[in-house]
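I opened the model to look up a few helices, their packing and some backbone angles. My entries follow in the order I made them.

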Amino acid sequence: MLALAAAVALTLPAPESVAIRHVSVVNVLNGRIQKDVTVLLADGAIRAIGRKIPVKNMQVLDGTGKFLIPGFWDMHVHCWSDEDFFPLFLANGVTGIRDMFGQLDELKAWRTNVESGITLGPRMVFSGPILDGPKPVWPGSIAVGTPEEGRKAVGTLQQGGADFVKVYSLLPREAYFAIAGEAKKRHLDFAGHVPDLITATEASNAGQKSFEHLLSVLSGCSSLGDGWRTNPAPGRSRMQLVREVLASYAPAKATALFALFRKNGTWQCPTLTVLNAIAHLDEPAFRNDPRLSYLPSDVRASWEPANDLRFKAFTPDDWEANRLSFAKQCELVVMMANSEVKMLAGTDTPNPYAFPGFGLHDELALMVKCGMTPLQALQTATINPARYFGWEKNMGTVQVGKVSDLVLLDANPLEDIHNTTKITAVFVRGRHLDRAALDQMRKHKSRLATLPGNRCWGLDVSD
């Protein structure tokens, strides 16, 4: 068994060969359960699944009453620190992350350490710096004001090792379309915010692979026209704008927009976890979360709305507007899922109350609370990320030949989505982390207080 020290950046032993006997395997493609089977794991892959499989010279685990599912992906994170975030990801069964804003050299070094076995951590896909307008929202972004600057930035990111390009809210129209064209030319995906001056229809037609935070989706369903979001009436309060777009919701527009998403293969990463927080941060009961103990005092303080520049000036009407908007966004998520729009689970950790690792389970629970089935929710964190990356032949389901990034649960997640939190073991890159190891990871004390403040939050609150 792998023993973990207080820090996880350590030299690891060789992967183990494990046999899980009498376990139930959850098929996330169709929701069927393959009961009472033996699953053999060796050399980082699933080697056999069946009832009469020899297990000589292997570590044997009793899977009676337990359920085996693929490891989870959190498809929208901002990983500030490998030492602080990796333990919480793995302790919660998150074996893969898509990082949406960070320093390329740092991210590449972390991934190299994970892949070479120096560090225990999740698989990583990342964008590096985001591309924003001439006056970016966040420090560390690449400022883009012209089409030429946009094309040059795409080339710079690709040469620097970025896996994809992330676009952001303040990009000018011409620069956005230049980025889209250059990314396509270089066979590089681009994803992120739908910029303020771009409609949902335009972004989907331009080939933006995923929309984050449902930005532009609600306004794209308005009878006021596609230009409502890009040129809203001046002088409106937040509440007036929300009431106006909600009152103008047009089912036919929604149906047409979702059909366009299907046609173009446009994915949605709703990040309900952070949208829910933005709707309820003013409520003391919401902020009274025992998981705050995993974070240092300065991060806890930064999550208080009075200390956050994005929220400190909010009025009671602004918070109520957010709640109204969130309720409608929940409806749209379910409608899109039932309309076969492709969906991804992402949390936007570490924005307020999007806890590293834990937040993934919050995201799945919110999806089900909104009206998705447990199976639909599970798919957004397992097979759908594999499909998004084109890796479904290698991961995303519990099948022979696929990588052994797996989570062993004490209860069936298809009966209650909250059962995804009942983790008894995690398997990542062929290594077995039992409950004791996962508990030790959760107890790992964060060093976030020593890191530069307010790094890479990556969310605005507009639609």
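In which strand does Thr424 lie? I find Thr424 in strand β16, residues 423–428. Helices (H or I, at least four residues) and strands (E, at least two) are DSSP runs, numbered from the N terminus.

Before going on I note the ground rules. This is a predicted model, in which local features need pLDDT of at least 70 and side-chain atom pairs count only at pLDDT 80 or more, while totals for chains, interfaces and linings use all residues. Residues are numbered from 1 along each chain as its sequence is written, and side-chain values use heavy atoms, with hydrogens and water left out.

Leaving out residues up to four places away in sequence, Thr424 touches Lys66, Leu408, Leu409, Asp410, Leu433, Asp434, Arg435 and Leu438. Contact here means heavy atoms within 4.5 Å. In the loop between β16 and β17 (431–434) I found Arg429. Arg429 is not a glycine, yet its phi is positive, about 50°.

**Ala437**

Ala437 sits in helix α17, residues 435–443. With 4% relative accessibility, Ala437 counts as buried. I also took the C-alpha to C-alpha distance from Ala437 to Ile46: 22 Å in space, for 391 residues in sequence.

**Helix α3**

I checked the length of α3 (residues 147–160). Its 14 residues should span 20 Å at 1.5 Å a residue, and the end C-alpha atoms are 20 Å apart, which agrees. The expected span is 1.5 Å times one less than the number of residues. Which residues of α3 are buried? They are Gly150, Ala153, Val154, Gly155 and Leu157. These buried residues pack against α2 (104–116), β9 (131–132), β10 (142–143), β11 (165–167) and α4 (173–185). Gly161 follows α3 and has a positive phi near 105°.

**Helix α13 and its partner α8**

Helix α13 (residues 316–338) has 23 residues, which should span 33 Å at 1.5 Å each; I read 34 Å between its end C-alpha atoms, which agrees. The axes of α8 (residues 238–247) and α13 come within 8 Å and cross at roughly 20°. That makes α8 roughly parallel to α13. Axes are lines fitted to C-alpha atoms, for helices over the stretch in contact, and angles run from 0 to 180 degrees between N-to-C directions. Angles under 35 degrees count as roughly parallel, over 145 as roughly antiparallel, 65 to 115 as roughly perpendicular and the rest as oblique.

**The loop after α13**

Just after α13, Glu340 takes a positive phi of about 65°. Asp348 lies in the loop between α13 and α14, and phi of Asp348 is also positive, near 65°. Asp348 counts as buried, at 0% relative accessibility. Pro350 is in the loop between α13 and α14, and a cis peptide bond with omega about 5° joins Thr349 and Pro350.

**Helices α10 and α14**

Last, I looked at α10 (residues 272–280) against α14 (residues 358–370): the axes are 8 Å apart, at an angle of about 80°. That makes α10 roughly perpendicular to α14. The contact is made by Leu272, Thr273 and Asn276 of α10 with Gly359, Asp362, Glu363, Leu366, Met367 and Cys370 of α14.

Notes. Buried means under 20% relative accessible area, exposed over 50%, partly exposed in between (1.4 Å probe, protein chains only).
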